[in-house]
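Please read the following note beside the sequence and the structure. The points are numbered so that each can be checked in turn.

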Amino acid sequence: MNRDEELKRKIKKLQDKLSLMSKVLKYMSEGILIIDREGRVRSANDAFFSITGLRQENVYGKKLSDLGFKWEGYPSFREVMEILLSEGVWKGEVWGVHRGGSPFTSETTLVKADEETYIAIFLDSTDKRSLEASLRSLAYYDSLTGLPNRALLYDHLSQLLFQAKEDSRKLAVIFFDIDSFKLINDTLGHEVGDSLLKAFAHRLTSHFPQNTMVARFGSDEFVVVLDSVSGIDDVEELVSGFLKSVTTPFFLEGQKIYITVTAGISIYPIDGGDPQTLLRNADIAMHHAKELGKSSYKFFTNELNLKVSERFTLQAELRDALEREEFVLYYQPQFELQTNSMVGVEALIRWHHPDRGVILPGRFMHVAEDTDIIVPLGYWILKRACEDGKKLLDKGFPLKVAVNISTKQIAESDFVRKLKDILNETGFDPNFLEIEITESVLMKNKQQSADVLRELKKMGISIAIDDFGTSYSSLNYLKYFPVDKLKIDKSFIGDVVSDPNDVAIATTIIAIAHNLGLKATAEGVETEEQLIFLKLWQCDEAQGFYFSPPVTLDSLMDMLSNENFKIRGV
Ligand code: C2E
Ligand code: MG
Ligand code: MG
């Protein structure tokens, strides 16, 4: 056998061994964790995840000390690691809490494999020790409702905070208190009071997403921890939804019982960084809400409360504004980079408030979208944009008018018919109308959006994907929708000259567009350097303050007549 063959044979043998090893690791019932001498996790098998209830993303790249385990006889993993480094082995019991709140225990052995590698073996002892576990759970669970108690809440909240810190996520702590619970207890008796607490605990748990930490804090006080909060609005919706649903009466021991609940909310990181502070502030917010009238909720941070009340006023004001025609469409020019000429405009809404002056859409469109005001407002926008587009055409300016459309509008069953009516009424040529939608709008209702877009396409209307690249979505969907243009979000254009990440994203979007036979438009172009960069990468069109901010129709007409609509400079 020559050396080559010898080597091949050895490699093959090694590979077989490795594949056998990985099969053993995969199917064995002991959890195996491979760590380095810093305690950082290199690898873990399936059993480890099922014993501990942890998920891959919470484990890989993390240190063993970060996983929130308790080490028998030692205050922290650091001491355990010291023993491991000096003696080469550590044995003891390890325990922790699953995400959902149930405890696990494991007989654990840590051994040194070589200078750089250590192996941790977790033997699930939760069942074997069920007696001990139930003793522990006595200390950690409320016997009446079965919910985690205050001690487990503290413990679990500190783990959740640790993870939220790592992933820079927000977290909400919500304090609920049943209004006048004492009265119920005193008048209907403790038995009814207890049944009510149980039934209440059940309603609370089922209202919030699965695996949410729901704990009984005190007699009639409950705490909910929301550990992945994308926005304050989501928290508010869940809390106000619960306060509303709890007014449906409870039927207990043959009686119909009505209750109301008051809630206080604190948010990590703005209202505190540790369990004590967050719980205290949520409690303060709850008492504040009680002072102002029961059956309500308050955020700890006043600014957030302002936002809530501002929103209510805004909703009412928006309806009036629509009737009083306080909305105005501004138009931002879009240029074709090859010819330097203006080829279109994007219609952008402004609110000319009688007292507060011009208000930008960022301040009110989300409220319009949350309520149904967006539907009539959306039709108003479309109609005005078509009227103005017709005026431009009549004056001899053949510009495409792009209009932003939101989810609720597309979801309207007669959207296409109403749009046809608008085109008929205004006499605007649909070949000059462009619809801008975001990826999230498309993904919310794939089939229906695809149908609507196909209809629009048939009418000659073109379709642009707005803010492309800002939301995670698969590129696959582009094939299913009849799209004409991708608009590169302005956040990627801002540093496109200096930040290599933005360069990569912007040029990739241009390449994707061209590969699919679509056009690429850059938004938010503010400098000549950005423009040169975009020209070099053969971006098709651009808009931004470098050319012009959004302007009124009159200013646009002036600009068109004076400047012969060409880009200055480059
Ligand atoms: P969008 O559709 O991505 O609009 C582009 C935004 O970028 C506009 O903000 C525009 O004024 C701004 N912008 C333009 N050039 C530059 C620049 O060079 N630098 C910077 N930093 N910003 C620039 P605006 O008008 O405040 O609109 C914000 C968002 O509000 C729009 O984002 C759109 O999503 C929404 N919106 C505006 N008008 C309407 C509308 O009529 N209907 C609907 N559904 N949404 C609208
Ligand atoms: Mg837009
Ligand atoms: Mg945009």
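1. Donors here are N, O and S atoms within 2.8 Å of the metal (3.2 Å for Na, K and Ca), and because water is not among the atoms, sites may look incomplete. Asp466 belongs to strand S19 (residues 462-468) and Glu523 to the loop between strand S21 (519-522) and H20, so the pair ties together parts that are 57 residues apart in sequence. Helices (H or I, at least four residues) and strands (E, at least two) are DSSP runs, numbered from the N terminus. Both Asp466 and Glu523 are buried; the classes are buried (under 20% relative accessible area), exposed (over 50%) and partly exposed (in between), with a 1.4 Å probe and protein chains only.

2. The model is predicted: local features need pLDDT of at least 70, side-chain atom pairs count only at pLDDT 80 or more, and totals for chains, interfaces and linings use all residues. Residues are numbered from 1 along each chain as its sequence is written, chains are lettered from A and ligands numbered from 1 in the order in which they are written, and side-chain values use heavy atoms, with hydrogens and water left out.

3. Which residue bridges the two magnesium ions, ligand 3 and ligand 2? Asp466 does so, and the ions lie 4.0 Å apart. The magnesium ion (ligand 2) is coordinated by Glu346 (OE), Asn404 (OD1), Glu436 (OE) and Asp466 (OD), at 2.0 to 2.3 Å. Its donors follow the spacing E-x57-N-x31-E-x29-D. Among them, Asn404 in strand S17 (residues 400-404) and Glu436 in strand S18 (residues 433-438) are 32 residues apart, and this pair links distant parts of the chain. Asn404 is partly exposed, at 27% relative accessible area, whereas Glu436 is buried, at 1%.

4. The largest pocket holds about 1,200 Å³ of space. Of its 44 lining residues, Leu348, Asn404, Thr438, Asp466 and Asp467 lie nearest the centre. Helix H11 (residues 361-370) gives the largest share of the lining, six residues. On a 1 Å grid over the protein atoms alone, a pocket is an open set of points where a 1.4 Å probe fits, with protein on both sides within 12 Å along at least five of seven lines; lining residues have an atom within 4 Å of a point. Points are joined across faces, edges and corners, and the volume is the space filled by probe spheres set on them.

5. Some backbone details deserve attention. Most residues other than glycine have a negative phi, and most peptide bonds are trans. Tyr268 and Pro269 are joined by a cis peptide bond, with omega of about 5 degrees. Pro269 sits in the loop between strand S12 (261-268) and H9. Glu325, which is not a glycine, has a positive phi of about 55 degrees; this residue lies in the loop between helix H10 (302-323) and strand S14 (327-336) and is partly exposed, at 48%. Gln538 also has a positive phi of about 55 degrees without being a glycine. The loop between H20 and strand S22 (541-542) contains Gln538, which is exposed at 57% relative accessible area.
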